Amino acid sequence: MSAGLRATVRATVTEADTAQAMGSGDVPVLGTPRLLALAEAACCAAVAPHLALGLTSVGTSAALEHRQASPLGAEIVVEAELTEVDGGRLVFGFIARVADTSDDIVIGAGTLERVVVNRTRFLARAAAPASRPA
Amino acid sequence: MAEVRAEMVANVWQVVASEGDSVAEGDTLVILESMKMEIPVLVEDPGTLTKLAVAEGDVVQEGDLIAVIE
């Protein structure tokens, strides 16, 4: 796996995507957590075809700017690109834009990090945090 | 004598070796967990594991002693 892998996800802002619905605010426009989820989905899509069987990636860090509100019904496109590979650590840049317009209207942008893990072992660790101090 | 120290802040996920074990280069002493990843701590200097300073569930800081091999 090397830098340069890309993927795009597209979404329409529905009631369920609003800050009001997600509990992250009280206005009926695209919620920031939903934007982050779309960006993470794009990152996953960029690398998933290149991961060996049994491996997956999980999010570890996010820096996100949400620059512009998107009303109900808005169509948005989020593109992620793998920019750095450091062992199992993956760094992505993403940019979210209004879809289907010749104007370059940026809704949000940021940097996300994920790590590659063995799915089974990861879930086993996640399920057994009992020995861990609070 | 070789001291094995943590290279990062981490949780001790699994302790694989036991005090008194003869360990060879490449053997796993403990498995740390940091940023959702498993990070095995491997033996670099073969010998006898005379001290194991961590237990499962411990949190280690960068530089903390994990084990002593003589």
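**Close-up 1. Glu65(A) and its partner in β5(A).** In this predicted model, Glu65(A) has Ala109(A) as its bridge partner in β5(A). Ser61(A) has a bridge partner in β5(A) too, namely Glu113(A).

**Close-up 2. β4(A) meets β5(A).** Here strand β4 (residues 89-98) of chain A runs antiparallel to β5(A), with nine bridges between them. To get your bearings, find Phe92(A), which sits opposite Leu112(A) in β5(A).

**Close-up 3. The whole sheet of chain A.** Zoom out and five strands make up an open sheet, ordered β1-β3-β4-β5-β2 with antiparallel pairing. The edges belong to β1 (6-12) and β2 of chain A; each has just a single partner strand, so one side of each has no neighbour in the sheet. From one strand to the next, the twist averages 25°.

Close-up 4. Helix α2 (residues 32-47) of chain A lies across β1, β2, β3 (75-86), β4 and β5 of chain A. Against β3(A), helix α2 of chain A runs at about 55°.

**Close-up 5. Helix α3 on the sheet.** Helix α3 (residues 119-127) of chain A also packs on the sheet, where it touches β2 and β5 of chain A. The direction of helix α3 of chain A makes about 95° with that of β5(A).

Key. Residues numbered from 1 in each chain as written. Chains lettered and ligands numbered in written order. Predicted model: local features only at pLDDT ≥ 70, side-chain atom pairs only at ≥ 80, totals over all residues. Pairing = 2+ DSSP bridges. Helix = DSSP H or I, 4+ residues; strand = E, 2+ residues; numbered from the N terminus. Axes fitted to C-alpha atoms, helices over the stretch in contact; angles between N-to-C directions. Contact = placed C-beta atoms within 7 Å.
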